[in-house]
Amino acid sequence: QQLTSPELRARFLNYFETQQHVPIKSASLVPHNDKSLLFTNAGMVPFKDFFLKPDTAPFKAATSVQKCMRAGGKHNDLDNVGYTARHHTFFEMLGNFSFGQYTKKEAIRYAWRFLVDELKLPLSRLRVTILEGDEEGYKLWKNEGLSDDMIVRCGEEDNFWSMGDGEGPCGPCTEIFWDTQDDTLDERWLEIWNLVFMENYREADGKLTKLPIPCIDTGMGLERMVCVLQGKNNNFQIDQFETLIGGLRQVMKTRGIESISSVDPNPHEKIIADHFRAMCFLIGDGVVPSNVGRGYVLRRIIRRALRSARQLGIHEPFLTDLYPHLLAGFEDGSYPELTSRASSIRSVVTNEERSFLATLDRGMALLENVFSQPDLQGSKAIPPAIAFQLYDTFGFPFDLTLIIAKEKGWTVDIKAVEALQEQQKQLGRESWKVDAITNKARLAEWRNKNIMPKFSGYDRSMLHQTSE
Ligand code: ATP
Ligand code: MG
Ligand code: MG
Ligand code: MG
């Protein structure tokens with residue numbers, strides 16, 4: 001059977017509702033009253049306080065499909081995106097929770113029954129891990145009919161879960177894995193579901209104490225489970241991503257850009273699709289691009305998406321053209337903010353996109369001039385002062401300078417650029433005059449050498465011809 005994403009959401013909630021769980025709507029990606037956490041990174045985050053004081057919970061068991069974001073802090077998958085088959089920055093977590101209603105035995109039974117009876121996954125492709133020394137967990141799995149070779153013992157690194165590095169509820173866990181039977185993947189065994197036995201609390205000083213009542217927190221990645229159910233070998237090939245990446249390819253085609261047609265999307269396509277979902281959901285939850293905190297993560301995500309777009313040959317604003325293709329993946333209305341806040345989401349995305357593209361264009365033009373300097377052809381080294389100025393004056397990301405240099409077969413003396421950054425810091429405010437003078441002299445020198453880009457009457461299409 002081929003379940004779709006909306007069907008899996010419904011099936012999961014329905015299953016746990018029949019088991020006396022109260023269905024709770026996804027909370028915001030921005031955690032309320034929690035300065036310790038950048039973003040909601042697991043289904044348990046909105047219920048954090050209930051684990052500490054179960055008697056204050058309005059329900060003893062709950063189930064949810066929670067928007068999650070892992071792009072900072074303890075759980076950070078930003079650099080995995082595009083390069084593993086299973087990581088996103090934004091994803092949905094299916095979960096069931098007990099605040100004193102049931103414990104390990106039921107948690108294990110519910111999860112196993114859901115996978116085997118409801119979703120009809122074949123036993124032969126499932127394995128579980130338990131924390132070394134967790135004999136109770138071992139017995140409970142045996143009672144569900146698992147043979148010894150299906151139960152793998154792991155250390156705390158994998159089987160002791162906590163939300164963040166600091167203070168908070170935590171505990172041993174047992175995880176369920178799926179055999180992809182694909183040895184070409186980064187990991188043949190795909191982790192699909194984590195069942196956490198919330199029994200402990202980590203104090204601010206690192207000390208571990210017992211919670212008053214043992215609780216249950218489980219989390220299963222929706223995209224991963226859909227990937228298993230749809231028989232795909234990569235999360236980016238499931239229904240929602242097929243729509244979104246299909247949309248991206250269509251956008252490229254209508255703009256006359258040659259697009260990729262492989263079944264498995266190229267890493268840049270994956271990054272664009274992933275980051276586009278992330279930016280829309282973040283803005284939908286009220287985050288705006290800025291230079292600090294959550295806004296800075298959002299800004300970086302948008303810029304990374306645009307950098308990947310540039311690698312695919314897209315140089316003009318395009319992101320909002322993807323919006324209908326994102327909506328198509330959430331037609332069940334599970335996230336009404338995607339439609340009710342569509343116009344603000346789109347305008348924030350477009351504004352940020354335009355300002356960054358202008359920055360990129362200026363920086364690219366300057367770099368092109370460097371690359372064509374006759375006296376630099378021998379060394380093929382970008383002068384550190386220029387690399388520094390690019391980022392310091394023009395806001396052009398240094399890592400981008402490095403990537404472009406590499407593509408062109410040029411080098412950058414990273415240490416020297418860092419030294420200039422350091423020098424800049426040390427000079428501080430007092431010496432702004434001196435700095436302005438040296439900058440002026442430097443700019444004049446470049447102008448004489450014809451290194452400066454011509455800002456007036458500057459034509460973007462020219463840049464694209466020269467930068468190919
Ligand atoms: P992994 O080891 O694959 O990075 P994890 O152990 O960090 O996963 P958990 O913190 O246990 O993940 O989260 C519970 C579940 O959420 C996982 O079993 C997985 O199904 C899903 N999940 C975790 N991180 C991601 C991600 N970046 N993208 C998509 N799904 C994820
Ligand atoms: Mg992880
Ligand atoms: Mg893991
Ligand atoms: Mg895990």
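Guide: Strands E8 and E9 run antiparallel, with nine bridges joining them. Keep in mind that this is a predicted model.

Visitor: How many residues sit between E8 and E9 in the hairpin?
Guide: Five residues lie between E8 and E9 in that hairpin. In the turn, Gly206 has a positive phi of about 95°.

Visitor: And which residue in E9 stands opposite Asn194?
Guide: That's Gly219. Asn194 and Gly219 are also among the residues that come nearest to ligand 1, along with Asp77, Phe91 and Gly221.

Visitor: Oh, the ligand! Which elements give two or more residues to the shell around ligand 1?
Guide: Strands E3 (90–98), E8 (189–202) and E9 (208–221), plus helix H6 (222–229). The largest share, four residues, comes from E8.

Visitor: New topic: at what angle do helices H7 and H8 pack?
Guide: At about 110°, with their axes 10 Å apart. Angles of 65 to 115 degrees count as roughly perpendicular, so H7 is roughly perpendicular to H8. The crossing of H7 and H8 is right-handed.

Visitor: Which residues meet there, between H7 and H8?
Guide: From H7, Phe241, Leu244, Ile245 and Leu248; from H8, Glu269, Ile272 and Ala273. Six residues of that contact are nonpolar, none polar and one charged.

Notes:
Residues are numbered from 1 along each chain as its sequence is written. Chains are lettered from A and ligands numbered from 1 in the order in which they are written. This is a predicted model: local features need pLDDT of at least 70, side-chain atom pairs count only at pLDDT 80 or more; totals for chains, interfaces and linings use all residues. A residue is near a molecule or strand if its C-beta atom, placed from the backbone, lies within 6 Å of it. Axes are lines fitted to C-alpha atoms, for helices over the stretch in contact, and angles run from 0 to 180 degrees between N-to-C directions. Angles under 35 degrees count as roughly parallel, over 145 as roughly antiparallel, 65 to 115 as roughly perpendicular and the rest as oblique. A crossing is left-handed if the near helix is turned anticlockwise from the far one by less than a right angle, and right-handed if clockwise. Two residues are in contact if their C-beta atoms, placed from the backbone, lie within 7 Å. Ala, Val, Leu, Ile, Met, Phe, Trp, Tyr, Cys and Pro count as nonpolar, Asp, Glu, Lys and Arg as charged, and the others, Gly among them, as polar. Two strands pair if DSSP finds at least two bridges between them.
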